[in-house]
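Dear colleague,

Please find the structure below, handed over for your use.

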Amino acid sequence: MSVKGWNNAKALLRELLIASEDRMALMAGPEFVYIIAALAKLRAAPDQAWLNRWLAVSRHKLSLLSPPQLIMCARALCRLDMQPGDVRACIAFPAWMHNYLAALHPRLAGVGGFDLVKLARCLADLGYKPGRPFLTDLAAAVEPKLSSLDSIHLAALMGGFSALKYEPEPAFMRAFYAEVYSKLPLFDDQDLATALCAFSSMRRLMAGDFLAEFLSEVAGKLPSFGLPALASVLGALGRLGYRPGPAWTQQVASHLESRLWKANVHVLATCAWGLASCGHSPNAAWVEELLAASLPKLGHAEAAEAVMLGQALAKFGYRPNSVTNGNSSSSSAASLDVASSAGGAEDAAGGDAAAAVAGGAVAGSAGGAKRARLWAKWWERYCSLLNSRSLHPKQVVTLLECFSACGVTPQPATVDHLVLQLVQGGLQHAPVAGIAQLLSVLAATQHNPGPLFVKNYAYCICLVGTSLTASYS
């Protein structure tokens with residue numbers, strides 16, 4: 001459709017909305033469904049006044065609708081070209097939802113499995129959490145219909161429950177796990193990621209043997225995994241605190257290595273943090289690929305992603321200023337090992353061995369210089385990123401701990417910014433260990449934190465003293 005045609009269509013739609021608003025009081029129940037469903041189909045965005053009028057009038061007719069029509073109403077509200085917050089902001093929305101749930105609750109058992117999944121997703125998308133009795137009855141209604149659901153809807157059901165912060169009863173979860181087991185080969189990358197993210201918010205109900213089977217399926221489908229889906233899987237594992245074992249993490253890291261350049265900064269940070277939380281120890285070359293891939297994208301990172309990158313480097317054991325990075329030797333260390341063992345070989349093999357050692361030393365030196373340049377650029381841009389972001393006191397403390405673990409010192413401007421964020425965020429929200437860490441950084445760098453911190457320094461010391469006194473009393 002041309003721009004002119006689209007503008008004419010929008011003008012006509014506005015006229016229809018105005019005409020329908022005047023006639024709402026005369027509409028029957030199904031007519032309310034048809035008009036909101038049509039707007040959703042057109043991806044229209046009615047103004048809030050019109051939507052509030054629709055909610056206020058239609059809520060009295062909801063008991064006259066059939067279950068499929070009720071489901072259609074909820075789906076239509078989710079598919080309007082409006083933010084869920086704008087829908088919830090309508091004055092009539094709470095009363096409409098109350099009547100909606102009252103009309104649907106007694107008839108949940110007669111609703112089809114696919115419609116029940118759609119209902120759970122719609123409630124989650126609208127950001128409206130019903131009481132536990134409603135959600136428990138919804139789970140009870142869908143349990144005998146689990147066998148009719150495909151992999152997409154099984155994953156979506158768990159995603160909806162997770163977003164609603166609802167943990168089903170153990171009996172339901174046993175039935176759900178059994179169904180997922182039988183259909184696991186049918187799950188694609190997005191289904192696996194959605195389900196695992198949902199499971200990560202239900203730690204109490206997570207079954208270890210199920211998770212092992214789940215990750216085995218992920219490993220078998222790695223070639224078809226998209227980067228965002230893989231980031232979701234690794235992020236969920238990190239939140240669960242689950243360690244799959246070195247073979248699985250090494251397979252995933254190897255799969256990622258050549259694809260890091262294609263990922264955005266959120267995916268890079270999540271993947272790195274997830275692998276580190278799973279206990280993976282990459283070699284220096286893999287970490288340097290991560291640094292090189294993230295370097296041009298750091299400017300787009302949010303504060304949380306910056307913290308995740310710092311945590312990943314710290315957990316990897318990456319120390320850019322030392323000879324050994326992580327669990328593998330750097331090129332410069334390797335060249336030193338070769339040089340120290342070359343004395344005996346030179347007598348046996350003559351000048352060729354000496355030439356080979358010299359060539360290796362030169363190559364190692366060149367590689368070390370390249371790594372140093374990469375780190376210098378990355379660190380400068382990373383500090384600039386931190387300087388431009390608002391940080392919570394706990395994030396500041398986490399970053400300081402990461403800097404200490406990596407053996408690096410932030411730039412003076414970054415120290416000033418971290419001090420400012422810590423003070424403005426309220427020192428009372430920062431762990432004592434974090435305050436002590438900050439003081440040690442200031443002492444090590446002989447850095448003047450400025451008058452704002454000095455003004456709060458006495459309070460900081462008092463806080464540390466009070467905590468230590470309480471811990472020993």
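In this message, a residue is called buried if its relative accessible area is under 20%, exposed if over 50%, and partly exposed in between (1.4 Å probe, protein chains only). The model is predicted, with local features requiring pLDDT of at least 70 and side-chain atom pairs counted only at pLDDT 80 or more, while totals for chains, interfaces and linings use all residues. Residues are numbered from 1 along each chain as its sequence is written, and side-chain values use heavy atoms, with hydrogens and water left out.

Overall composition. The chain contains 24 helices and two strands; these are DSSP runs numbered from the N terminus, helices being H or I with at least four residues and strands E with at least two. Of its 473 residues, 47% are buried.

Aromatic pairs. The whole structure holds 13 aromatic pairs. Rings of Phe, Tyr and Trp (its six-membered ring) pair if their centres lie within 6.5 Å; planes under 30 degrees apart count as stacked, over 60 as edge-to-face and the rest as tilted. The ring centres of Trp 286 and Phe 316 are 5.9 Å apart with planes at 80°, so this pair is edge-to-face. It links distant parts of the chain, with Trp 286 in helix 16 (residues 284-294) and Phe 316 in helix 17 (residues 303-316), 30 residues apart. Trp 286 is buried at 4% relative accessibility, and Phe 316 is buried at 3%.

The rings of Tyr 318 and Trp 375 also have their centres 5.9 Å apart, but their planes stand at 55°, so the pair is tilted. Tyr 318 lies in the loop between helix 17 and strand 1 (324-325), and Trp 375 in helix 20 (residues 351-387), 57 residues apart. Tyr 318 has a relative accessible area of 4% and is therefore buried; Trp 375, at 10%, counts as buried too.

Helix 11. This helix (residues 189-200) reaches 17 Å from its first C-alpha to its last, close to the 16 Å expected, where the expected span is 1.5 Å times one less than the number of residues. Nine of its 12 residues are buried, so helix 11 is largely enclosed by the rest of the structure. Those buried include Leu 192, Leu 196 and Phe 199.

Cysteines. A search of the whole structure finds zero disulfides, a disulfide being a pair of cysteine sulfur atoms within 2.5 Å. Cys 73 is buried at 1% relative accessible area, and Cys 278 is buried at 4%.
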